[in-house]
Amino acid sequence: MLIELEKARTRNNVVRIFREELDGPDSWTDGFVVDANEEMVLLQIVDDSVRLNGYQVLFLEDISDFAHPAPFNDFQKKVLALRGEKVVDPEVELLDLAVLLIDISEEFGLVTLHREEIEPDSCEIGRVIRADAVTYELEEIGSDARWFDDTFEYDLYDITRIEFGGAYEEALLLANDAMGDDAYELSDDYPDDGIVDDE
């Protein structure tokens with residue numbers, strides 16, 4: 001698989017990736033391979049409107065199948081070229097998962113983390129402020145674009161998908177930046193599980 005992913009990256013082709021166990025047989029991700037190693041692949045996503053829309057990191061062990069090139073590769077590449085959209089390397093390293101989360105948080109401001117085997121219908125969005133070989137600490141942002149006052153700790157290897165640099169993350173940051181003193185909210189209404197006290 002890694003060899004084919006590298007071919008797709010070299011040829012600048014769109015790939016279509018399936019994760020049947022996590023997403024079901026009728027869901028997939030289309031994107032350009034930006035980087036890959038024996039554990040992870042970094043994609044720049046091509047969304048349904050044929051626009052480049054952020055990045056996604058997937059784990060090779062979760063991939064059930066993939067197509068190279070993707071079924072509409074030529075069409076997608078033509079539309080992106082007509083729109084002047086080009087693949088951009090976000091310059092984050094895939095060598096260490098903990099370091100990757102910190103780098104994304106520092107460079108992009110927000111990271112979306114999915115733990116689909118535990119919480120298949122939800123995700124957490126925020127900035128990772130600490131990570132080690134086992135856990136990470138996340139300062140989360142809500143769907144109202146306000147930061148929670150507390151931080152939350154999660155198991156590092158429960159992560160099944162990482163997203164960043166997309167339109168939704170950008171929208172949250174834009175809205176939060178405009179809030180001024182209202183950029184944070186009290187977290188009394190949220191469960192206490194996993195909260196890490198600030199030292």
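Glycine 126 stands opposite glutamate 140 in strand β8, in a predicted model whose residues are numbered from 1 along each chain as its sequence is written. Local features need pLDDT of at least 70 and side-chain atom pairs count only at pLDDT 80 or more, whereas totals for chains, interfaces and linings use all residues; side-chain values use heavy atoms, with hydrogens and water left out.

The protein chain has a mean pLDDT (the predictor's confidence in each residue, from 0 to 100) of 93, and 93% of its residues reach 70 or more. Over residues 190-199, however, pLDDT stays under 50, and the model has 15 contacts (heavy atoms within 4.5 Å) beyond four places in sequence for them. Where pLDDT is low, the predicted coordinates should not be read in detail.

Strands here are DSSP runs (E, at least two residues), numbered from the N terminus, and two of them pair if DSSP finds at least two bridges between them. The pairings of β8 (residues 135-141) are set out below.

| Partner of β8 | Bridges | Direction | Residues between in hairpin |
|---|---|---|---|
| β7 (residues 123-131) | 5 bridges | antiparallel | 3 residues |
| β9 (residues 147-155) | 6 bridges | antiparallel | 5 residues |

On the β9 side, tyrosine 136 stands opposite tyrosine 154, and alanine 145, in the turn of the hairpin formed by β8 and β9, has a positive phi of about 70°.

Strand β8 is mostly covered, with 7 of its 7 residues buried (under 20% relative accessible area, with a 1.4 Å probe and protein chains only). Thr135, Glu137, Glu139 and Ile141 point one way from β8, while Tyr136, Leu138 and Glu140 point the other way.

Technical notes. Buried < 20%, exposed > 50% of the residue type's maximum accessible area, 1.4 Å probe, protein only. Helix = DSSP H or I, 4+ residues; strand = E, 2+ residues; numbered from the N terminus.
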